[in-house]
Amino acid sequence: PFLPSHEVLPPVETLHPGARPFGQVSAAPYGSALILPISWAYLKLMGPTALRTATEVAILNANYMAKRLEPYYPIMFRNDNGFCAHEFILDTRNFPGTNIGVMDIAKRLQDYGFHGPTTSWPVVNTLMIEPTESEDKAELDRFCDALIAIRGEIREVQEGIADPDNNVVKRAPHTIDVVAADTWDRPYSRKKAAFPLPWLTSTKKIWPSTARVDDAYGDQNVFCTCPPLSAYSIDDLEQ
């Protein structure tokens, strides 16, 4: 009886007398109709041989990255032989002497040109990294280099070299508007903020579009950025 309902198209199971629906959980009443067809098409297009190869490469990539990163971050949930499956979890819960957490690392990755991986799942304040089979070794190394460099930036805070709050990790990401502004009042350089590794150059840099935001506030205060309903009036459409 405890099923989600829908404001416009409530499922019939939520309408009988004994039903006690707890509200709406999705904009689409029946979920995504493409989930199963996409998976089916992927399997059919790959075939058994290619699918096995892709799986093996994905597992190999994840274990290669975990091995490279284990001197810098604890790796969670590996088997008795020290291996993981197609993904692995970095433990970012404990950096003594700092208040740096998983979201700070995810935001700092944007300065290195990477979208942060899954955060705080399945363990709070951890990073779940799933490289898949589609990335080559150079790209895997580039991502590892970024995380290793960020660990060095965290160590600067631990050693008292960087300010506990006003540092390159806690103030990330750095947009082009911030870096190119006439004034710069931060204790680290613009170069350290935007070009921390040699392969980050002005011609190869992917700039984050938004600086630091309050994620929890944004999740709890959703607002629409589309035009108001009045913009979709019949008169406007005819014009």
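Let's start in a loop. Phe77 sits in the loop between strand 1 (75-76) and strand 2. Helices here are DSSP runs of H or I with at least four residues, strands are runs of E with at least two, and both are numbered from the N terminus. Phe77 is not a glycine, yet its phi is positive, about 60 degrees. Phe77 also counts as exposed, because its relative accessibility is 58%. The cut-offs: buried is under 20% relative accessible area, exposed is over 50%, and partly exposed is in between, with a 1.4 Å probe and protein chains only.

A word on the model. It is predicted, so local features need pLDDT of at least 70 and side-chain atom pairs count only at pLDDT 80 or more, while totals for chains, interfaces and linings use all residues. Residues are numbered from 1 along each chain as its sequence is written, and side-chain values use heavy atoms, with hydrogens and water left out.

Asn125 belongs to the loop between strand 3 and strand 4. Pro122 is in the loop between strand 3 (118-119) and strand 4. The bond joining Trp121 and Pro122 is a cis peptide, with omega about 5 degrees. A cis bond also runs from Ala172 to Pro173, with omega near 0 degrees. Pro173 lies in the loop between helix 3 and helix 4 (176-179). For context, most residues other than glycine have a negative phi, and most peptide bonds are trans.

Now the helix pair. Helix 1 (residues 35-69) packs with helix 3 (residues 137-158) at about 30 degrees, and their axes are 10 Å apart. Axes are lines fitted to C-alpha atoms, for helices over the stretch in contact, and angles run from 0 to 180 degrees between N-to-C directions. That makes helix 1 roughly parallel to helix 3. Angles under 35 degrees count as roughly parallel, over 145 as roughly antiparallel, 65 to 115 as roughly perpendicular, and the rest as oblique.

Who meets whom? Helix 1 brings Asn61, Tyr64, Met65, Arg68 and Leu69. Among their partners in helix 3 are Leu140, Phe143, Leu147 and Ile148. Contact means heavy atoms within 4.5 Å.

On to the core. The largest nonpolar core has 35 residues, and those touching the most other members are Leu69, Phe88, Leu90, Ile105, Tyr112, Ile129 and Leu147. Such a core is a set of buried Ala, Val, Leu, Ile, Met, Phe, Trp, Tyr and Cys residues joined through side-chain atoms within 4.5 Å. Helix 3 gives the most to this core, ten residues. Take Leu90. Beyond four places in sequence, Leu90 contacts Leu69, Tyr73, Pro74, Ile75, Thr126, Leu127, Ile129 and Leu147.

Next, helix 2. Is helix 2 mostly covered or mostly uncovered? Mostly covered: eight of its ten residues are buried. Ile105, Arg108 and Leu109 are among the buried ones. The cover over the buried residues of helix 2 includes strand 3, strand 4, helix 3, helix 5 (190-194) and helix 6 (215-220). Just after helix 2, Gly113 has a positive phi of about 95 degrees.

Last stop, Val168. Val168 is in the loop between helix 3 and helix 4. Val168 is buried, with a relative accessible area of 3%. Leaving out residues up to four places away in sequence, Val168 touches Arg108, Glu153, His174, Tyr188, Lys192 and Ala193. Ser233 is 65 residues from Val168 along the chain, and their C-alpha atoms are separated by 48 Å.
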